[in-house]
Amino acid sequence: MDELRELVSIVTKQKLKAASLLTVKALQPGPLSMRLYDLVAEGKAKTDEEAMAILYPGESRTVSYQRIKKSLRDYLVNMLLVIDLNLPHYNARQKAYFDCYRQWGAIKILVGKNAYRTNLSLASELLRTALRYDFIDLALDMARGLRLYYGSMEGDLKKYDQYGKQVRHLEQVFHYENLAEDLYTDLVIHFVNDKSTKWEEHHKAREYFRQIEKALDLYDSYRLHFTGRLIEILIYTSINDYKKTIGICDKAIRFFDAKNYVANVPLQAFLYQEMVCYVQLRDYKRGRQAADRGLKLLENGSFNWFKYQELLLLLSLHSREYQEAYHIYKVTVQHRRFNGLPAGIKQIWK
């Protein structure tokens with residue numbers, strides 16, 4: 001049911017109605033599936049058991065229910081490719097992400113249909129956009145396809161060499177992106193249930209960072225620098241060295257600020273990490289500056305917005321800025337009833 005609720009929150013009734021005008025009615029699921037959609041959208045069924053009891057009162061129809069649930073899920077997934085995800089609150093990189101993957105899907109269909117002429121211009125366009133926004137996996141896929149086309153079909157040696165060099169470069173970047181992500185995940189999995197200071201994790205993080213440190217100097221990849229700097233941060237957060245952690249966050253923020261697009265997610269993450277450090281250092285002024293900047297990147301009332309407010313509240317209380325703390329509390333309550341606030345904020349005010 002969680003999967004269905006997530007899809008329904010994205011493919012809303014309004015979007016579904018507009019998108020349905022562009023799709024064949026025969027592709028729509030049956031009336032029971034659409035009734036299940038309404039139950040989920042209106043909050044009348046929060047579990048599979050509740051939904052089944054409403055749709056099949058007094059009966060145990062598990063197989064039938066799973067069939068209509070799958071039909072609805074598949075339909076909503078297909079509708080994701082039709083509805084407009086380029087909403088005003090998305091920044092340029094987020095919009096490009098949706099557009100690029102839609103275009104990637106069209107290119108793959110054209111390849112399967114042997115429509116190489118149409119595919120050529122689309123692939124070249126997607127490659128340029130993917131490089132601009134650091135979608136390295138997409139860029140590599142397009143460069144490989146173009147290399148194959150110009151080498152095996154056109155016999156264009158110049159373009160074959162051009163895309164060949166690009167493929168080899170992107171393969172190196174992609175390798176280090178994946179390595180950094182793998183090393184970072186291996187580190188954080190040990191912090192999930194135990195956040196105590198660990199010298200063993202400190203040395204492990206330092207060793208992992210050595211494996212990607214040179215790559216950070218060679219490549220300006222979004223994903224590499226995001227996870228790479230997070231590994232470097234873990235070297236010092238594992239031993240509670242907050243001042244050095246702040247220095248790394250500043251370095252990461254400068255890197256992403258230099259991008260020709262708004263790198264929303266990493267900026268949020270590193271500014272948030274700085275706030276954590278300023279709470280520990282009782283530095284209200286700098287913590288407030290980091291919070292103010294981070295909050296500009298967030299949608300009011302979103303989960304991360306509340307997490308920022310929670311940290312800002314802690315910082316205000318530790319710094320004895322009680323008037324500011326009360327203001328933060330009032331702002332959060334305006335966006336959600338008290339029972340719906342994050343546990344951290346509720347606990348602070350108990």
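Visitor: Start with S121. Is it buried, exposed or partly exposed?
Guide: S121 is partly exposed, because its relative accessible area is 47%, and buried would need under 20% while exposed would need over 50%. Keep in mind that this is a predicted model.

Visitor: Which helix is S121 in?
Guide: Helix α7, which covers residues 116-132.

Visitor: And how far apart are S121 and I107 in space?
Guide: Their C-alpha atoms are 9.9 Å apart, and in sequence the two residues are separated by 14 places.

Visitor: How many helices and strands are there in the protein?
Guide: The protein has 17 helices and zero strands.

Visitor: What share of the residues is buried?
Guide: Of its 350 residues, 41% count as buried.

Visitor: Okay, a buried one then. What about Q268, where is it?
Guide: Q268 sits in helix α13, residues 264-281. Its relative accessibility is 11%, so Q268 counts as buried.

Visitor: What does the side chain of Q268 join up with in a polar contact?
Guide: With the side chain of N304, at 3.4 Å. If you skip neighbours within four places in sequence, Q268 is in contact with L297, L298, N304 and Y308.

Visitor: New topic. Which residues have the most contacts inside the largest nonpolar core?
Guide: L127, F135, L146, I231, F256, F270 and M275, in a core of 71 residues.

Visitor: Take I231. What is it in contact with, leaving aside neighbours within four places in sequence?
Guide: I231 is in contact with A180, L183, Y184, L187, A205, Y208, F209 and I212. There is also another core lying apart from the largest one, with 18 residues, among them Y37, A51, L72 and L76.

Visitor: Now helix packing. At what angle do α4 and α5 pack?
Guide: At about 105°, with the axes 11 Å apart. Helix α4 is residues 48-55 and helix α5 is residues 62-80.

Visitor: Why give both an angle and a distance for packed helices?
Guide: Because the angle between the axes and the distance between the axes are what describe two packed helices.

Visitor: What do you call the arrangement of α4 and α5?
Guide: Roughly perpendicular. From 65 to 115 degrees counts as that.

Visitor: Which residues make the contact between them?
Guide: D48, A51, M52 and L55 on the α4 side, and T62, Y65, I68 and K69 on the α5 side.

Visitor: Last topic, charges. Why would two charged side chains pair?
Guide: Because side chains of opposite charge can pair when their charged atoms come close.

Visitor: How many salt bridges are in the whole structure?
Guide: A search finds 18. One of them is between the side chains of E42 and K44, with N to O at 3.1 Å. E42 is partly exposed at 41% relative accessible area, while K44 is exposed at 52%.

Visitor: What does R61 form a salt bridge with?
Guide: With E59, where the closest N and O atoms are 3.1 Å apart. R61 is partly exposed, at 31%, and E59 is partly exposed, at 44%.

Visitor: And which residue does D283 meet?
Guide: R286, in a salt bridge of 3.9 Å from N to O. D283 counts as partly exposed, with 22% relative accessibility.

Definitions and conventions
Residues are numbered from 1 along each chain as its sequence is written. This is a predicted model: local features need pLDDT of at least 70, side-chain atom pairs count only at pLDDT 80 or more; totals for chains, interfaces and linings use all residues. Side-chain values use heavy atoms; hydrogens and water are left out. A salt bridge is a side-chain nitrogen of Lys or Arg within 4 Å of a carboxyl oxygen of Asp or Glu. Buried means under 20% relative accessible area, exposed over 50%, partly exposed in between (1.4 Å probe, protein chains only). A nonpolar core is a set of buried Ala, Val, Leu, Ile, Met, Phe, Trp, Tyr and Cys residues joined through side-chain atoms within 4.5 Å. Contact means heavy atoms within 4.5 Å. Helices (H or I, at least four residues) and strands (E, at least two) are DSSP runs, numbered from the N terminus. A polar contact is a pair of N or O atoms within 3.5 Å; within protein, one must be able to donate a hydrogen and the other to accept it, and residues adjacent in sequence count only if both atoms are side-chain atoms. Axes are lines fitted to C-alpha atoms, for helices over the stretch in contact, and angles run from 0 to 180 degrees between N-to-C directions. Angles under 35 degrees count as roughly parallel, over 145 as roughly antiparallel, 65 to 115 as roughly perpendicular and the rest as oblique.
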